[in-house]
Amino acid sequence: MEAKKIDVKKALDERLSLGALITLARKKMVPMHKHTVWYYMGALLIILFMIQMITGPVLLFYYKPAAETAYQSVAEIMVRVPYGWLIRSVHHWASNLMIMIAFVHFFSTFLVKAYRRPREFTWLTGMVMFLLVLFLGYTGYTLPYDERAFFALNVGTDMPGAIPVVGEYILEFLRGGPNVGLHTLNRFFALHVGVLPLALLVVLAVHVVLVQLHGMSIPVSVEKKAQAEKKKIPAKPMFPHFVWHDAINGLLLIGVLFTLAICMPSELGPVIDYLKPAPEGVKPDWFFLWVYQILKWVPTYVLGIEGEVVGITGLALAAGAIFCAPFIDWKSQRNERSPVFTIFGVVSLLVFLVCTAIGFFF
């Protein structure tokens, strides 16, 4: 009896409607202009998040989330587990690249006013994702529970502790008590592997749906120029043009990721000595260095108020203004140039870059 041939492509199309998805992607047009390059950042973030979702669970097979065993389990991953050092290094560098690209994506969307109507909720979900990515990086940074992670826990949790009224409650919630101790690592482990990834996955799904509904935002300057010249802004279909570019960018990103992981593998610091004072110049990881440096420059007291409280309050107000930009940048909502918010964005970018560089090198 002759075996019946199975048309795999047809079978998959019947069950997954791949043809309908490709047709939809062909109809979706992506604007092509001098700022189009910023559209690629979102796909790169999704690729890195997927890598994190693969390497993270692999590490969980060997990681022991307890203050007494965490350090030793990470050491065993790097030394005894086959290619454990590579998996951990890929996870480490994917986290850093994800945070770096998240900053690029944040500043680029803010400066081109991507939060204009009808994309207000797209902006809000993007800001929530940005914060979740930062906290994912910070919580993961502390899990090896080496000396560096221990003091970073102290410094990092001190910052929200300075927030007026609610700071003390946040600090005790994060630490599991007034001081960094045995319960702190359990809190950060639960946040890193459970709460934050699940929250990021949900918000990411909403964000992607909103982007597909409203399409890519076009900068005001590009729209004004097209109107003045009475020309239509050129566009190309998402499939195959834009998807092809995303695929190439993703391959290049993976190449960079594995190059960093192999040439500069993630290290493990010394064992914690609880009787040892904090090393001189202890600092948080690079993505929070700008906050650390700004607070370092604030005087001890400002008008009789503790300098750290003033600094944290000022940063919180600036973050609130950015978060609420769609509702307070009225000029952009009318599709007009908004120099005040442009200057605010440029100054914020310069402050981030300069303070990060100073905190890193000095």
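A: First, the ground rules. Residues are numbered from 1 along each chain as its sequence is written, and side-chain values use heavy atoms, with hydrogens and water left out. The model is predicted: local features need pLDDT of at least 70, side-chain atom pairs count only at pLDDT 80 or more, and totals for chains, interfaces and linings use all residues.

Q: How many helices and strands are in the protein chain?

A: The protein chain has 16 helices and four strands. Helices (H or I, at least four residues) and strands (E, at least two) are DSSP runs, numbered from the N terminus.

Q: What box do the C-alpha atoms fill?

A: Roughly 75 × 70 × 35 Å, taken along the principal axes.

Q: And what share of the residues counts as buried?

A: Of the 362 residues in the protein chain, 43% are buried. Buried means under 20% relative accessible area, exposed over 50%, and partly exposed in between (1.4 Å probe, protein chains only).

Q: Which residues make the nonpolar surface patch?

A: V8, L12, L16, L18, L21 and I22 make it, and the patch covers about 510 Å². Helices α1 (8-16) and α2 (18-27) each supply at least two of its residues. I22 sits in α2 and is partly exposed, at 34% relative accessible area.

Q: Now charge. Which residues gather in the patch of positive charge?

A: K34, K224, K225 and R337 gather there, on the surface. K224 belongs to helix α10 (residues 220-228) and is partly exposed, at 35% relative accessibility.

Q: Is C263 buried or exposed? And C355, buried or exposed?

A: C263 is exposed, at 59% relative accessibility. C355 is buried, with a relative accessible area of 4%.

Q: On to the backbone. Where is there a cis peptide bond?

A: One joins R117 and P118, with omega about 10°. P118 is in the loop between α5 (84-111) and α6 (120-142). Another joins F239 and P240, with omega about 5°. P240 lies in helix α11.

Q: Why point those out?

A: Most peptide bonds are trans, and most residues other than glycine have a negative phi.

Q: Which residues have a positive phi without being glycine?

A: Y145 is one, with phi near 55°. Y145 sits in the loop between α6 and α7 (147-161) and is buried, at 2% relative accessibility. K230 also has a positive phi, about 55°. K230 is in the loop between α10 and β2 (235-237) and is exposed, at 77%.

Q: Last one. How far apart are E267 and H92?

A: They are 175 residues apart in sequence and 9.7 Å apart in space, C-alpha to C-alpha. E267 is in the loop between α11 (238-263) and α12 (289-297). E267 is exposed, at 68% relative accessible area.

Technical notes
Patches are made of residues with over 30% relative accessible area and no salt bridge: like charges are joined within 9 Å, nonpolar side chains (Val, Leu, Ile, Met, Phe, Trp, Tyr) within 5 Å. Accessible areas come from the Shrake-Rupley method with a 1.4 Å probe; for residues, only the protein chains shown count as cover. A salt bridge is a side-chain nitrogen of Lys or Arg within 4 Å of a carboxyl oxygen of Asp or Glu. Lys and Arg count as positive and Asp and Glu as negative; His and the chain ends are not counted. The place of a charge is taken as NZ of Lys, CZ of Arg, CG of Asp or CD of Glu.
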